[in-house]
Amino acid sequence: MNATVVMILALAVGTYAFRLVGPLLHGRVTIPARVQELTSAGAVVLLVALLATGALTEGGGFAGWARPAGVLVGGVLAWRRAPFVVVVLGAAATAAALRLAGVA
């Protein structure tokens with residue numbers, strides 16, 4: 001077996017183990033409320049960091065103002081619970097209009 005197959009099998013076993021541990025330990029392990037709050041906050045922070053790096057950078061540099069403006073419009077529309085298609089089209093239209101107007 002080559003190294004790629006070994007790594008894939010190791011990841012498969014690890015994934016199955018994680019899926020199995022949840023039902024097996026349900027009710028036996030109590031996670032404190034503070035840990036649950038910190039875990040939720042950590043997940044939000046990671047998602048915001050991913051959004052920021054995707055929205056603000058391209059090729060190691062600043063992506064320009066059109067992309068962050070489009071992401072902002074999409075975020076506001078999603079926050080206002082607009083349909084998904086409206087969110088995507090609104091963000092794309094904002095970025096396209098700003099680029100058409102010469103705002104990089």
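Colleague: How many helices and strands are there in the protein chain?

Modeller: This is a predicted model, and its protein chain has four helices and two strands. Going along the sequence, the order is α-α-β-β-α-α.

Colleague: What makes you call the chain more spread out than a compact globule?

Modeller: For 104 residues the globule rule gives 13 Å, but the radius of gyration here is 21 Å, well over that, so the chain is more spread out than a compact globule. Along the principal axes, the C-alpha atoms fill a box of roughly 60 × 45 × 25 Å.

Colleague: And what share of the residues count as buried?

Modeller: With buried meaning under 20% relative accessible area, 11% of the 104 residues make it.

Colleague: Now α3 and α4. Why is α3 called roughly antiparallel to α4?

Modeller: The axes of α3 (residues 66-79) and α4 (residues 84-100) cross at roughly 155° and come within 8 Å. Angles over 145 degrees count as roughly antiparallel, so that is what α3 is to α4. As for the hand, α3 passes α4 in a right-handed crossing.

Colleague: Which residues meet there?

Modeller: From α3 you get A66, R67, A69, G70, V73, G74, L77 and A78, and they meet V86, V87, G90, A91, T94, A95, L98 and R99 of α4. By class, that contact has ten nonpolar, four polar and two charged residues.

Colleague: How do you know that Gly goes with the polar ones?

Modeller: The classing puts Gly among the polar residues, and G70 and G74 in α3 as well as G90 in α4 take part in the contact.

Terms used:
Residues are numbered from 1 along each chain as its sequence is written. This is a predicted model: local features need pLDDT of at least 70, side-chain atom pairs count only at pLDDT 80 or more; totals for chains, interfaces and linings use all residues. Side-chain values use heavy atoms; hydrogens and water are left out. Axes are lines fitted to C-alpha atoms, for helices over the stretch in contact, and angles run from 0 to 180 degrees between N-to-C directions. Angles under 35 degrees count as roughly parallel, over 145 as roughly antiparallel, 65 to 115 as roughly perpendicular and the rest as oblique. A crossing is left-handed if the near helix is turned anticlockwise from the far one by less than a right angle, and right-handed if clockwise. Contact means heavy atoms within 4.5 Å. The radius of gyration is taken over C-alpha atoms; the globule rule is 2.2 Å times the number of residues to the power 0.38. Buried means under 20% relative accessible area, exposed over 50%, partly exposed in between (1.4 Å probe, protein chains only).
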